[in-house]
Amino acid sequence: MDKYNLEKIVRNLVGDAIVKQVMSLELAVKLIEAVEKKAEEMGMQVVIAVSDASGRPVAVHCMDGAYHGSFDVALNKTYTSTAFQMSTKELSRLCQPGQDLYGLQFSNEGRVMILGGGEPLMVGDTMIGALGVSGGTAVQDTELAAYGRSILKEVITCL
């Protein structure tokens with residue numbers, strides 16, 4: 001029995017509890033390419049970043065015409081999503097005046113980004129990384145990042 005079939009059998013028996021996926025360069029690039037395709041369909045030029053679970057960048061693609069300021073924003077969205085294990089959209093609500101985390105965005109040397117477009121990437125209950133998108137409106141960036149999160153398992157299956 002080859003490694004692929006054995007891994008498939010184990011996944012079917014115990015799910016993602018034992019077999020762990022890591023954020024490889026190959027996975028990051030395939031996920032970015034899928035999000036780029038969706039961005040093109042939406043008529044957008046964005047920067048898409050993927051980090052591993054520690055927030056370390058694995059891959060970044062800058063689409064032609066994307067704002068150069070979006071590079072740091074996309075990376076910081078991945079950092080934020082890994083550091084607080086939630087989407088930047090969700091965190092933005094918690095950081096509004098009067099909310100429990102108001103002011104958090106001024107911590108971590110300005111790396112905390114509370115604009116939509118950052119999503120943690122989960123396999124089962126395990127965070128393997130994060131996706132950050134920047135270049136559109138907060139709603140557009142959020143939509144693209146959520147799309148990337150939603151197709152993660154499909155992308156993993158195609159590797």
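## Terms and basis of the model

A residue is called buried when its relative accessible area is under 20%, exposed when that area is over 50%, and partly exposed in between, with a 1.4 Å probe and protein chains only. By this definition Met44 is buried, its relative accessible area being 6%. Of the 159 residues of the chain, 44% count as buried.

The structure is a predicted model, in which local features need pLDDT of at least 70 and side-chain atom pairs count only at pLDDT 80 or more, while totals for chains, interfaces and linings use all residues. Residues are numbered from 1 along each chain as its sequence is written, and side-chain values use heavy atoms, with hydrogens and water left out.

## Overall arrangement

The chain has 6 helices and 4 strands. Here helices (H or I, at least four residues) and strands (E, at least two) are DSSP runs, numbered from the N terminus. Along the sequence, these elements follow the pattern α-α-β-β-α-α-β-β-α-α.

Met44 belongs to the loop that lies between helix H2 (25-41) and strand E1. Between the C-alpha atoms of Met44 and Gly65 the separation is 8.9 Å, although the two residues are 21 residues apart along the chain.

## The sheet

The strands form an open sheet of 4 strands in the order E2-E1-E4-E3, with antiparallel pairing. Strand E2 (57-62) and strand E3 stand at the edges with a single partner strand each, so one side of each is left without a neighbour in the sheet. Neighbouring strands of this sheet are turned by 15° against each other on average, direction ignored; the axes are lines fitted to C-alpha atoms, for helices over the stretch in contact, and angles run from 0 to 180 degrees between N-to-C directions. Two strands are taken to pair if DSSP finds at least two bridges between them. In general, strands of a sheet pair through backbone hydrogen bonds, either parallel or antiparallel.

Strand E4 (residues 126-134) is mostly covered, 8 of its 9 residues being buried. Strand E1 (residues 47-52) runs antiparallel to E4 and is joined to E4 by 6 bridges. Within this pairing, Ala49 has Gly132 as its bridge partner in E4, and Asp52 stands opposite Gly129 in E4. E3 also pairs with E4 in the antiparallel sense, over 6 bridges, and the bridge partner of Pro120 in E4 is Ala130. The hairpin of E3 and E4 has 2 residues between the strands, and Gly124 takes a positive phi near 65° there.

## Salt bridges

A salt bridge is a side-chain nitrogen of Lys or Arg within 4 Å of a carboxyl oxygen of Asp or Glu. The whole structure contains 3 salt bridges. One of them joins Asp52 to Arg56, with the closest N and O atoms 3.1 Å apart. Asp52 counts as buried at 13% relative accessibility.

A salt bridge also forms between the side chains of Lys77 and Asp141, at 3.2 Å from N to O. Lys77 lies in helix H3 (residues 70-84) and Asp141 in helix H5 (residues 138-150), so the pair ties together parts that are 64 residues apart in sequence. Lys77 is buried, with a relative accessible area of 1%, and Asp141 is buried at 3%. Arg149 and Glu119 likewise meet in a salt bridge, at 2.8 Å from N to O. This pair links distant parts of the chain, with Arg149 in helix H5 and Glu119 in strand E3 (residues 118-123), 30 residues apart. Arg149 is partly exposed at 38% relative accessibility, whereas Glu119 is buried at 8%.

## Rings and cysteines

A charge sits over a ring if NZ of Lys or CZ of Arg is within 6 Å of the ring centre and within 35 degrees of the ring normal. Lys38 lies over the face of Tyr147, at 5.3 Å from the ring centre. The charged end of Arg111 is placed over the ring of Tyr79, 3.8 Å from its centre.

The structure holds 0 disulfides, a disulfide being a pair of cysteine sulfur atoms within 2.5 Å. Cys62 counts as partly exposed at 45% relative accessibility, whereas Cys95 is buried, with a relative accessible area of 2%.
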